[in-house]
Amino acid sequence: MVSFTRKRMVLFVVLLSLVSGLVHLAITCNNRLRLPWEVETPIYAKRPRPLWRFYQWEPVRSLEPLRPYANPRGSYPVPREKNNGFIYAKIFGGFAKIRSSICDLVAISRLLNATLVIPEIQESTRSKHISHKFKSFSYLYNEDEFIASLSKDVIIVKSLPEDLKAARKRNEIPTFKPKGFASPNFYMKEVLPELKKVKAIGLVITDGGCLQSMLPPSMSEFQRLRCRVAFHALQFRPEIQKLGRLIIKKHREMHKPFIAYHPGLTRETLAYHGCAELFQDVHTELIQYRRAQMIKQGIVNDELSVDSHFRRDNGSCPLLPEEVGLLLRAMGYDPQTNIYIAGAETFGGQRVLIPLLAMFENARDRTFHANTELPDLVGPETRIPSNNFQPSPVKSEKQLKEEWNRAGPRPRPLPPPPARPIYQHEKEGWYGWITETDTEPDPSPMDLRQQAHRLLWDALDYIVSVEADAFFPGFHNDGSGWPDFSNLVMGHRLYEGAASRTYRPDRKVLQEFFNMIRDDLYHPKHNWTRKVKEHLWKSMAEEGLIRESLLSKPTSFLSHPVPECSCRVPSEDSHQVKGDDGRFLYGGEIDCPEWMPRKPETFTIWQTVELAKLENNGSADYESPVVEQPESDDTGDKSSTTSAFDQDDEWDPND
């Protein structure tokens, strides 16, 4: 009897152990860490998670009532073929200057009631050795889409009529070189009479624009025209769009949100603001050399050597990638966060990105996601002979004896040891000249081609940055008056989806925070982290928008296209903020039309575009005649007609 009871006890213990093992196994299977390739749908989309896990990706609720609405308001006449003449232009500068200048050109053509000739982008002309497949404008943008999208705003043609081409070659057409802040009065009083007289004028645009950013309220339709150009008509050519969508698709396939980060570390920016001391060795010399050039050209009115650390603390220098990494970690982004590093040029190369890559293992640029597809964008290019490294000529025995005899009286110290030879791999690169000479050489044919390629890389980065779940600029609001990449991206994101997570940090405030922990960056106190979070949260919401309106909009309208290009659905917490000049800094948008969706979760920019097309096709807003009278007291500068621009054989690629 005792033996039977003991057996039952043993059996019970064995069964209990088996059940316990099965329960623990089930719990382990259900809660084990999923690998990236095992996740079919985003984890945060399956079931709700604690707020502290995913608050970094939530939209800004207070900005959800804003919607993109750049359609004309009220009467807006269709352009007529019989107008005052033709405007053709040459645009100098990089990606941001080109994009901003084209928008201004369209607005000027509308203002002067003129036909716009497709502008020529100097960075992508045939002399830059680009593929014969492209003209300058078509290297970056879709010409046919550009012309068709603006057919109700401005008449656009691909080249001048033959008689005007001949007149241009005879230097009979005046050329103007307007400043980036030229007023409408300058065009009405100085340019329009010449246009009516000769039926054609030329513009040379070098400052990233040819029309002042802030226009009087009576010219709000011209501001909306700028938005239609920048956010709808300026579509990249199909190959660029396809590759951009491919990069975004590869990010989405990871089933995790991603941040786009643009460092803003360019040689021009660092030289303009005097940030040379933040770098070391040859990079400091390169920045100082470019700054000396800017001073000589009158671009910079300051000393050559300045206190770079003071400039950094003043917010004039870009945030370093290490600092951005610390800010993202303070916001709660984990080391596995996907980060897309934008920017065709990052001064200092991969070395300055090492701290960021150490903090975020999934920080990648375009070459990681589309390395094999990038060469297809440039098209068939002719081969350029490489610049072979030429070592110093070997001196003959006779030359060495002559030098010895001319060396002076004896006794002499022993001659120094021979210098270490400079190898070819040390000579290659755009900065190799500084090891041998104090004068920067002229760009080689390969350098010119690479400058054109940067336009393509910037275009890809622009597409990805606009569509990213979050965007963090390393540098914006630089105060130079030139448009920059980050500002254009931030303005585009504000237009398409104001509630998207777009950080607008105040670099001066952030540097004050960093100075608190400069000696121990990687172990900040909790109080420091809380203050950083609070500042970055406010930068995404109303406070950040008001600051952008005060700092960015006066120099670049496309960086802050509200309230002119937006509308607002009814909301309980809407309010208005006005500046000292009476203009709206926040909350001055009109009510959205009835056809626009009211719920943010069902609203997309693509729905707005399609509904806007339906509204335009069924309305007569474009047909009502109206006389547009600009109001401005400022005047611009007219440049004399110079043969250098008129005789340039690249003026019109169709010639």
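This is a predicted model: local features need pLDDT of at least 70, side-chain atom pairs count only at pLDDT 80 or more; totals for chains, interfaces and linings use all residues.

Biologist: How many disulfides does a search of the whole structure find?
Modeller: That search finds three, and with bonded cysteines counted along the chain their pattern is 1-4, 2-3, 5-6.

Biologist: What parts does the pair C227 and C565 tie together?
Modeller: C227 lies in helix α8 (residues 220-233) whereas C565 sits in the loop between α23 (542-551) and β13, so the link joins parts that are 338 residues apart in sequence. The sulfur atoms of C227 and C565 are 2.0 Å apart, and the torsion about their S-S bond is about 85°, which makes the disulfide right-handed.

Biologist: And what is the handedness of the link of C275 and C317?
Modeller: The link of C275 and C317 is left-handed, with -100° about the S-S bond, and both C275 and C317 are buried.

Biologist: Ok, where does C567 sit, and where C592?
Modeller: C567 is in strand β13, while C592 is in the loop between β16 and α24 (605-617), 25 residues apart; the S to S distance of C567 and C592 is 2.1 Å.

Biologist: Switching to the sheet, what is the strand order?
Modeller: The order is β1-β13-β16 in an open sheet of three strands with mixed pairing. Because β1 (66-68) and β16 (590-591) each have a single partner strand, they stand at the edges, and one side of each is left without a neighbour in the sheet.

Biologist: In what sense do β13 and β16 pair?
Modeller: β13 (residues 566-568) and β16 pair in the parallel sense over two bridges, and the bridge partner of R568 in β16 is D591.

Conventions:
Residues are numbered from 1 along each chain as its sequence is written. Side-chain values use heavy atoms; hydrogens and water are left out. Two strands pair if DSSP finds at least two bridges between them. Helices (H or I, at least four residues) and strands (E, at least two) are DSSP runs, numbered from the N terminus. A disulfide is a pair of cysteine sulfur atoms within 2.5 Å. Buried means under 20% relative accessible area, exposed over 50%, partly exposed in between (1.4 Å probe, protein chains only).
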